[in-house]
Amino acid sequence: MAVSDSIRKHLCFTPRGLAILGVGLGLVAGACGPEVTRFLNDNHCANTGGDAWCQSRYPDGSRLFCTWGTCGPTPGRDGCVDERPPSDDCYSPCGGGNTIAADESCIAGGTASGSGTETSTGTGTEPTEGSSSTGPIPCMGPEDCPDAAAPFCASSGECVDCAALDDPDGECAQIDPGMPLCIGETCVACSAKNTTVCDEQLLLCDDASHECTFCTEHEQCAAGACDLFDGRCFDPANVLHVGSGPPYEDIASALAAVDSMELGRAVIVLHEGTGFNETAEVTTGAIAFINAADELPLWINGGALAPTLAATGMDTRVYLLGLRLAVNANDVGLSCDGARVDVQRSRIVQNAGGGIVATNGCELVIVNSFVGGGANDTVSLDIDSASASVLYSTVATSTFGNTPAIGCTAPIAVNIRNSIVASQGGTPPDELSCVEAVVTTSATESETPPFDTGWFTDFNGGDYSLTMSGATTFMSIAQWQDGDPPTDIDGDLRPTDNDRLDYVGADVPQ
């Protein structure tokens, strides 16, 4: 793809712009490397008068030769150097876009092609009395200010930093709209008081570096949810409340509205109300189902032969935060088929078909959550040709057979850390039927005393909060690491010192 000179110049003189525009324009690697930045500037000597232009620009004699290419001394933006380039391919004594190699007749002020023995003095006359032969040449524009520490040309003709300008923010925005603020002496993207550039990209502002950064937690975003697999916040304009009155009385009507939204990205906030009795399937885009503040919505499926919530397709991302998916009379609470699903601070329990099924390359993340099976010897977490990461969660099944809490069939990867895995029946290690799983700093029946429902507040009811007995059994097993959640399923604080011992499972007993 051809790139106009104006775009080329912008790319070469705006490194941050290069990182963004270079991909979109299909530029080859190194397109703004030395071989380009040496001649694309309109005021580069190779595009103007060659050696004569350099000599007029540097009357002190410090840079008398015009270079063009990748060999020879390293030039400034104007291409002028202090030694004759060693190769004719890199020497443009006459300018005009030519090198000696390209135009053998090119001789600058008596300097024979390739000889390098004589140097033109420009006009051939000595400086007149009163003229300056030393000191910097006054700048005419930013192209005359190659020093990154002083990239602006002030009205005085001096190259300065942004702080020395009359309108520092305005000048920063003019040279790069993505860096519109002058803080200290540098143009930056954002500050705690001005996050506009980051907001427009659905990113966060790091006030320490004044750069836009990706979100890593739902609570960081104004919309209440972060598209964690993408690193961008959801748009606050695309937040739909369900169960608190018109226009969205049920989840189905909210999902229908999302279909018309750009990119299909939205947050659906569920209110407690009388609960929701319906099924839903997300087949594209990104949807975050989150709880209204200080509420714990209940989402059940009393009749349909389907998962309460299904996420299907490799282009689908689904997030659950602070919800109960329970009492599905016929199927699982959540299914993930090829999609990416993140579950946090949620309870997916008491579903006849089991808690969660992950299949066909699904990427499943479970953090600070309870996952339980039904009353019919069902696996709580079933992983089939998929990957799963289980962190600070309690996965348990109510059974008097050998049904495991976690079962795997040809898993891609399974990582279990700081979690509880327990099965009411069977003989340990039947609670974990997944030899491929990597289990660290977690509690399984094989490593704890014989199973006791008394460890939990209401095991058969799917409430795996720890009792006093459970607190004694499951204390000081988990090991908190940087990046782990600072709170538990109820919002109670965890220790946040690296390597600090902690309670395993989703609950910190109070």
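## A tour of the salt bridges

Start by selecting Asp 502. Asp 502 has a relative accessible area of 5%, so this residue is buried. Keep in mind that the model is predicted.

The side chains of Arg 494 and Asp 502 form a salt bridge, with N and O 3.0 Å apart. Is Arg 494 buried or exposed? Arg 494 counts as buried, at 5% relative accessibility.

Next, select Asp 227, Arg 265 and Arg 317. Salt bridges with shared partners link Asp 227, Arg 265 and Arg 317 into one network.

Zoom in on Arg 265 and Asp 227. This pair makes a salt bridge, and its closest N and O atoms are 3.3 Å apart. Which strands does the pair tie together? Arg 265 sits in strand S12, residues 265–270. Asp 227 sits in strand S9, residues 226–227. Asp 227 is buried, at 0% relative accessible area. Arg 265 also counts as buried, at 10% relative accessibility.

Move on to Arg 84 and Asp 88. Their side chains meet in a salt bridge, N to O at 3.0 Å. Arg 84 has 16% relative accessibility, so Arg 84 counts as buried. Asp 88 has a relative accessible area of 24% and is partly exposed. The cut-off for buried is under 20%.

Finally, zoom out to the whole model. How many salt bridges are there? The count comes to nine.

Notes:
Residues are numbered from 1 along each chain as its sequence is written. This is a predicted model: local features need pLDDT of at least 70, side-chain atom pairs count only at pLDDT 80 or more; totals for chains, interfaces and linings use all residues. Side-chain values use heavy atoms; hydrogens and water are left out. A salt bridge is a side-chain nitrogen of Lys or Arg within 4 Å of a carboxyl oxygen of Asp or Glu. Buried means under 20% relative accessible area, exposed over 50%, partly exposed in between (1.4 Å probe, protein chains only). Helices (H or I, at least four residues) and strands (E, at least two) are DSSP runs, numbered from the N terminus.
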